[in-house]
Amino acid sequence: MVKVVISLIKADVGSYPGHSLVHPALVEIANKELSSAKLSEIITDYKVLTVGDDLQLMMSHQKGVDSSEIHELAWNTFMKATEVAKELKLYGAGQDMLSDAFSGNVKGMGPGVAEMEFTERQGEPLIAFMMDKTEPGAFNLPIYRMFADPFNTAGLIIDPSMHGGFKFEVWDIVDHKKVFLNTPEETYEILALIGAKSRYVIKRVFPKDNPKLPSDEPVAVISTDKLSQIAGQYVGKDDPVALVRAQSGLPAVGEVLEPFAFPHLVSGWMRGSHNGPLMPVGFNQAQCTRFDGPPRVIAAGFQIANGTLVGPVDMFADVAYDYTRKKAQEITEYMRRHGPFEPHRLPMEDMEYTALPKILAKLEDRFEPTE
Ligand code: F6R
Ligand code: MG
Ligand code: MG
């Protein structure tokens, strides 16, 4: 049986005005580059998408994960887009390209990556989620709900093939360690970690004792790149992406989308320093305006057919999400009223790489002992 690799590689290489939106000229150049890579059979298929100021390259191929050829293609595409961004004097042109030279893998070089290899099933639905103005931990709550919460995913109860549960690969992105934890039996341990979403992030999910799926092929993968940690100082947002497979022994498409009906609070809004609700939007609403946000997520739905990406379907462009959007806007209003106060503004630890240490340094000599 044929294995397919889906690679979703994204970067902010410039936007307009400010950090709002990717310019169409960047989408055009990305389409041109990937179309010639398809013609020369480096990739099977591709789609170029955008969310806010992030350019998203979705590619299918057979070169395995971490393929230097695929990563180089993405890197060169972002470099070409950066040239156009510079010509147009777009804002933050090339901001996520942290190196001048490619060194075999885009990981740690600025762009975010989610990729997985799996045996393509008879029917292979896949949803690509893309977020702007937030961090990888923003996926913790929805991914947990999809694969572990029976109040979200009816299939965990109704479909016996899911009764074996799932295996979660959780990364400590501060200490660069990982741990595998199983649901349902280690639910409390998983939640203890992933509730601390700025440190522990779900990287992958695998099926466990599932008669319909091999246990060594991931069913979900999330980008975990943390730009601030890579660059040593604040250079922009992580703006994560995720790939989630659905149906036939996995959560149904509707169960995969359902967690986003709750606009949970995530960090990364305005200057990477504020909490706000994650608003699910259609492709044409994926532009961050109010207070550079609020944070948003799009969902691009596909069927994979012999590696071809049949889609995308704009999954959140549905009136059924209007209520969530309304709720997100109410929360936006409520959070904004806090101005510079926590918990709208992030706590000190999470502002480590922003201007706050400089402000503290400036005031250092003026601090006196308290009584
Ligand atoms: C960037 C973002 C924005 C910027 C803000 C300040 O993704 O979310 O909120 O942090 O616009 O940007 P600079 O410092 O580039 O003027
Ligand atoms: Mg930007
Ligand atoms: Mg962004």
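User: Which element supplies the largest share of the lining of the largest pocket?

Analyst: That is S4, with five residues. S4 is a strand covering 112-119, where strands (E, at least two residues) and helices (H or I, at least four) are DSSP runs numbered from the N terminus. Strand S6 (166-172), strand S8 (200-207) and helix H6 (227-231) also supply at least two lining residues each. This is a predicted model, in which local features need pLDDT of at least 70 and side-chain atom pairs pLDDT 80 or more, while totals for chains, interfaces and linings use all residues. Residues are numbered from 1 along each chain as its sequence is written, chains are lettered from A and ligands numbered from 1 in the order written, and side-chain values use heavy atoms, without hydrogens and water.

User: Which of the lining residues are closest to the centre of the pocket, which has a volume of about 460 Å³?

Analyst: Of 23 lining residues, the closest to the centre are Lys107, Trp171, Lys203, Thr224 and Asp225.

User: How do the lining residues divide into nonpolar, polar and charged?

Analyst: There are nine nonpolar, four polar and ten charged residues. Asp, Glu, Lys and Arg count as charged.

User: Why is the pair of Tyr144 and Phe168 called tilted?

Analyst: Rings of Phe, Tyr and Trp (its six-membered ring) pair if their centres lie within 6.5 Å; planes under 30 degrees apart are stacked, over 60 edge-to-face, and the rest tilted. Tyr144 and Phe168 are 6.3 Å apart, centre to centre, with 40° between the planes, so the pair is tilted. Tyr144 lies in helix H3 (residues 140-148) and Phe168 in strand S6, 24 residues apart, so the pair links distant parts of the chain.

User: What makes Tyr144 and Phe168 buried?

Analyst: Buried means under 20% relative accessible area (exposed is over 50%, partly exposed in between; 1.4 Å probe, protein chains only). Tyr144 has 10% and Phe168 has 0%, so both count as buried.

User: What makes the pair of Phe316 and Tyr321 edge-to-face?

Analyst: The angle between their planes is 65°, with the centres 4.8 Å apart. Phe316, at 0%, and Tyr321, at 8%, are buried.

Definitions and conventions
1 Å grid on protein atoms, 1.4 Å probe; cavity = no way out; pocket = protein on both sides within 12 Å on 5 of 7 lines; lining within 4 Å.
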